[in-house]
Amino acid sequence: MVHLTTALDAASAVPLYEQLYKSLADEMRAGTLAAGTRMPGKRRLAAELSVSVNTVDAAYQLLAAEGYLESRERSGFYVQEYLALPQRTEPEMQAAAPVQPPEPKDTPVQFDLSTRGVDPGLFPFRTWARLQKELLYSSPELLTHGDAQGDIELRQALAEYLEEYRGVRCGADQIVVGAGLEYLLGLLAPLLPGTAAVENPGYPRARQVLANNGVSCCCLPVDEGGLSIEALYRSGAAVCYVTPSHQFPTGVTMPAGRRAELLRWASRQPGQRYIIEDDYDSEFRFDTRPLPSLQGMAGADGPVVYLSTCSRSLAPSIRIAYMVLPRHLLPAWQRTYRLYSSPVGRFEQQTLARFITEGYFTRHLARERVAYKARRDALAKALTGAFGPGELKLMGLHTGLHLLAKLADPPADAALRAAAAQAGMQFSLLSDFDLTGSRQEKCGTLVLGYGSLADDACPLVGETLKRVCTAAREASSGR
């Protein structure tokens, strides 16, 4: 027979039965009360602990309900076999290791120049909230399951928008809505043949998603016209992933002639070669009109899969991306994914559908272009003012939310990274996007995103970046 010496505190705000329950449960988990142990009778334990029988009964019943105890008729309560854990022996005390001083931490980020940033202040809070509130009150059916490809209202709105503004030729039945480009690319990958060619420097996440889904990738060089078509022919790839409207990260736009060559490459083996067109940052073209999409040039059943997202134009947390499939791929898609559910909430889908069809989206984009263009101009002015003539060359300013700054006398990239961290600046270097892993030590080209940069911070960014480059040069030279 066991004797329990559980200490209960009558002055505690926790009821006595709950204190007893927790104490006994802890002993059972630790193995102090072994499996199969018969618990003391309720009256006896109540007398030992100076509590009422009801207190002990409530604790026992709670332990039995949660599976710690088993009640046996005319016999009492027993510790369950499968719950009692083997008792652990305490390891021998070892000499305490000397306390190491904490490593110095980088200065907190003061200037975020990462390429993924957007300005949350430009989000259309009132309009979006009003549309969503109206839907919440008027459309309870949106709480039910929707179409696996996305709600038809959103797909129809996207088809009309893409045709008008990007020259995409498709029906709503060709569009698949998903929670981000990575999700859609991951579903697309098993439907594609052979090796995929990706741009280098390029988007690391796209290559990672393809590789994670069993697609072998080869990295092809990018020049002033985008991905090299000659290298594509030599690679033997069957799939080509490109960002023709705004190549990431170099910012170059693939000219019409190069686009035609790329489509000829795919058309030489119909159904066996595909182009994945990531229309990255195409909404933000400031100085020239955008070229039509590759998908529009190829047609509704051409070899192009079109991808785009709302993460840049609205907000990264609104996980709505969309993909336009060639018609001949639709049967394979439906066979493979017909039992899937859409990962995007229907209220968000319907809110975006109304946001587009009622004209708010195009007005919102126009407002964003004005704001981001002014910020780009302010940053470019600050950079050229902080650096002397010929010290810095700015590139890729015409499209998107980042620009490139090439240093004339670059220090080591590692020294630039270290100096930036110490100065509280966060930015990337072009060498960070070398997908082959063979980073150049002195690439000296900075990739500066200005999406989340405060307008009044631009002058200070130029001055701080100048100090960062000076410190990096001194560190590289050993001074």
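Where does Ser 452 lie? In this predicted model, where local features need pLDDT of at least 70, side-chain atom pairs count only at pLDDT 80 or more, and totals for chains, interfaces and linings use all residues, Ser 452 sits in the loop between strand E16 (445–449) and helix H15 (458–477). Residues are numbered from 1 along each chain as its sequence is written, and side-chain values use heavy atoms, with hydrogens and water left out. Helices (H or I, at least four residues) and strands (E, at least two) are DSSP runs, numbered from the N terminus.

Ser 452 counts as partly exposed because its relative accessibility is 29%; the cut-offs are under 20% for buried and over 50% for exposed, with partly exposed in between (1.4 Å probe, protein chains only). Beyond its neighbours within four places in sequence, Ser 452 is in contact with Asp 112, Gly 117, Val 118, Asp 119 and Arg 375, contact being heavy atoms within 4.5 Å.

Strand E16 also belongs to an open, antiparallel sheet of four strands, ordered E12-E13-E16-E15; two strands pair if DSSP finds at least two bridges between them. E13 and E16 pair over five bridges, and Leu 404 stands opposite Val 447 in E16.
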